[in-house]
Amino acid sequence: MLVGVAMVLSACSHTTAGKPQPLTGSAETGTSASSENELQDRIDWVRQGSATDLGTYHSTSLDGGQVTDLRADIAFVSPTGKISCITGTALGMDGFDCMVELKQPAPAPREGYGQWFGGYVTYSAQRMTVGQFRGDPGLFIHGQGQTLPYDSTFTFGDYTCRLATTGLTCVDPTSRSGVQMSDEGVVPLGCLREVPEAEREPAVGRAYGC
């Protein structure tokens, strides 16, 4: 099974572990004025991209083979292949699961089942994790989506995202949270603050919450 997991996630730009770079500021909970202003600036920037029709992003394929219809969900990959994301609303999941090729590896937690993928990012309105032990390919079981061009902006549910040459930024204006992902790191935005190691799931590298 682990071989199958590795093969599927390899098709989705598998990576070594990556260390997220947190925002500056001392607040551990709540939202500081500086981070709120930065989030609003980021929301405005995201909305200024080129609007993209998601009609062609409702499917995935594995190594260019059989195509799987995602119905209402979406999947996409960046032009470099370093960022691949997918949604799972059909399974009752909120937000995005992404695989990000990160430059700076970080050690895995001491314990965990399956294979460690440091570039596995989950983001929903008030929660984000970076790095994860995986015993199965999860949403990426059928591969990845089509290539999303740079400067594309799209809205999916409460989320608005923009893909640029500097990475992918997704924001949730209602929950006042967001994330920026690139090979340089994964940056929490808005109300997201790092969860202490003692309070996070043991199978993830970093966890953030509002």
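A salt bridge is here a side-chain nitrogen of Lys or Arg within 4 Å of a carboxyl oxygen of Asp or Glu. This is a predicted model, in which local features need pLDDT of at least 70 and side-chain atom pairs count only at pLDDT 80 or more, while totals for chains, interfaces and linings use all residues. Residues are numbered from 1 along each chain as its sequence is written, and side-chain values use heavy atoms, with hydrogens and water left out.

**Stop 1: salt bridges**

A search of the whole structure finds eight salt bridges; three of them are visited here.

Select Glu 201 and Arg 127, whose side chains meet in a salt bridge at 1.8 Å, N to O. This pair links distant parts of the chain, 74 residues apart: Glu 201 belongs to the loop between β15 (193-194) and β16 (204-209), and Arg 127 to strand β8 (residues 127-134). Strands (E, at least two residues) and helices (H or I, at least four) are DSSP runs, numbered from the N terminus. Glu 201 is partly exposed, at 32% relative accessible area, and Arg 127 is also partly exposed, at 36%. For these classes, buried means under 20% relative accessible area, exposed over 50%, and partly exposed in between (1.4 Å probe, protein chains only).

Next, select Lys 82 and Asp 183, which form a salt bridge of 3.0 Å, N to O. Lys 82 lies in the loop between β4 (75-77) and β5 (83-86) and Asp 183 in the loop between β13 and β14, so the pair ties together parts that are 101 residues apart in sequence. Lys 82 is partly exposed at 29%, whereas Asp 183 counts as buried at 17%.

Then select helix α2 (residues 33-47), which holds both Glu 38 and Arg 42, four residues apart, about one turn of the helix. The closest N and O atoms of this salt bridge are 3.0 Å apart.

**Stop 2: the open sheet**

Colour the strands β1-β10-β11-β12-β13-β14: these six, in this order, form an open sheet with mixed pairing. β1 (50-51) and β14 (185-190) stand at the edges with a single partner strand each, so one side of each has no neighbour in the sheet. Two strands pair if DSSP finds at least two bridges between them.

Begin at β1, which runs parallel to β10 and is joined to it by two bridges; Ala 51 stands opposite Thr 153 in β10. Four of the five residues of β10 are buried. β10 also pairs with strand β11 (residues 159-164), in the antiparallel sense over five bridges, and Thr 155 stands opposite Thr 160 in β11. In the hairpin of β10 and β11, two residues lie between the strands, and Gly 157 takes a positive phi near 65 degrees.

Move on to β13 and β14, which run antiparallel and are joined by six bridges. Val 179 is found opposite Pro 188 in β14.

**Stop 3**

Most residues other than glycine have a negative phi. Which phi value does Asp 151 adopt? The phi of Asp 151 is positive, near 70 degrees. Asp 151 is located in the loop between β9 (146-147) and β10 (152-156), and is partly exposed at 30%.

Finally, select Arg 176, another residue that is not a glycine, with a positive phi of about 60 degrees. Arg 176 occupies the loop between β12 (167-172) and β13 (177-182) and is partly exposed, with a relative accessible area of 22%.
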